[in-house]
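I opened the model to look up how its elements are laid out and how individual side chains are placed. My entries follow in the order in which I checked things.

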Amino acid sequence: MSTEDTPFFDDPNAALREIAQNPAAYAHYLADFHRVVLDMAAKLEVLQRETRVHCRGTRVEGDKIGQAFLRSFPVEKSLNDILKHLKGVSSGLEKSAHKRHAHDEKVKEVKKQRKEKALLKERKNNPPLQAAPESPEQHGAQSPNMGYGGPTSIYNLDRRESA
């Protein structure tokens, strides 16, 4: 079995699938289309000028002023519409490439935000245990300066004066 009998790709859309998955390849692919559209638009603008000159210059015997223009108007309008649509396609290609890149950046940020949120949730649900600091004086003996944390009974007032 020769390689000529089998298609290069089993799936004809495999190459486009690869391009769609990579934002840089996507932008490059659309840039190729953009170049073609801009080239078409430039050539159609030249055709538009030449058509306008020819159609407006074509006069028939007995024409009044403006009749040549009125006859050329539908042809000029059709070319103007084509150019307007090509400009829309051109700007759409640029926007699409930018939006594809922005989508990739947003996906990365969502992953990062979800990871941070999960860490915060885990810290909230399982706070780290903090041991209370132990002072060596309080292991059974009372401290000499009781202050506000002193005895709670009137019988434990050994060195305090009454009011």
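In which helix is Ser 90 found? I located Ser 90 in helix 3, taking helices (H or I, at least four residues) and strands (E, at least two) as DSSP runs numbered from the N terminus.

Before going further I noted that this is a predicted model, in which local features need pLDDT of at least 70 and side-chain atom pairs count only at pLDDT 80 or more, while totals for chains, interfaces and linings use all residues. I also noted that residues are numbered from 1 along each chain as its sequence is written, and that side-chain values use heavy atoms, with hydrogens and water left out.

Overall layout. I counted three helices and zero strands in the chain, and from the N terminus on the elements run α-α-α. Of the 163 residues, 13% are buried (under 20% relative accessible area; exposed is over 50% and partly exposed lies in between, with a 1.4 Å probe and protein chains only). Among contacts (heavy atoms within 4.5 Å) with a separation of 6 or more, I found that 60% join residues 24 or more positions apart.

Helix 3. I read 59 residues for helix 3 and a reach of 84 Å from its first C-alpha to its last, close to the 87 Å expected at 1.5 Å a residue (1.5 Å times one less than the number of residues). At Phe 73 I found a bend of about 40 degrees, with Pro 74 following within four residues; the bend is the angle between axes fitted to the seven residues ending there and the seven starting there. The buried residues of helix 3, including Leu 79, Leu 83 and Leu 86, pack against helix 1 (14-21) and helix 2 (23-57).

Is Ser 90 buried or exposed? Ser 90 counts as buried because its relative accessible area is 8%, and it touches His 34, Val 37 and Leu 38 when residues up to four places away in sequence are not counted. Ser 72, also looked up in helix 3 (residues 67-125), is buried because its relative accessible area is 2%; leaving aside neighbours within four places in sequence, Ser 72 is in contact with Cys 55 and Arg 56.

Helix 1. I placed Leu 16 in helix 1 and recorded Leu 16 as partly exposed because its relative accessible area is 41%.
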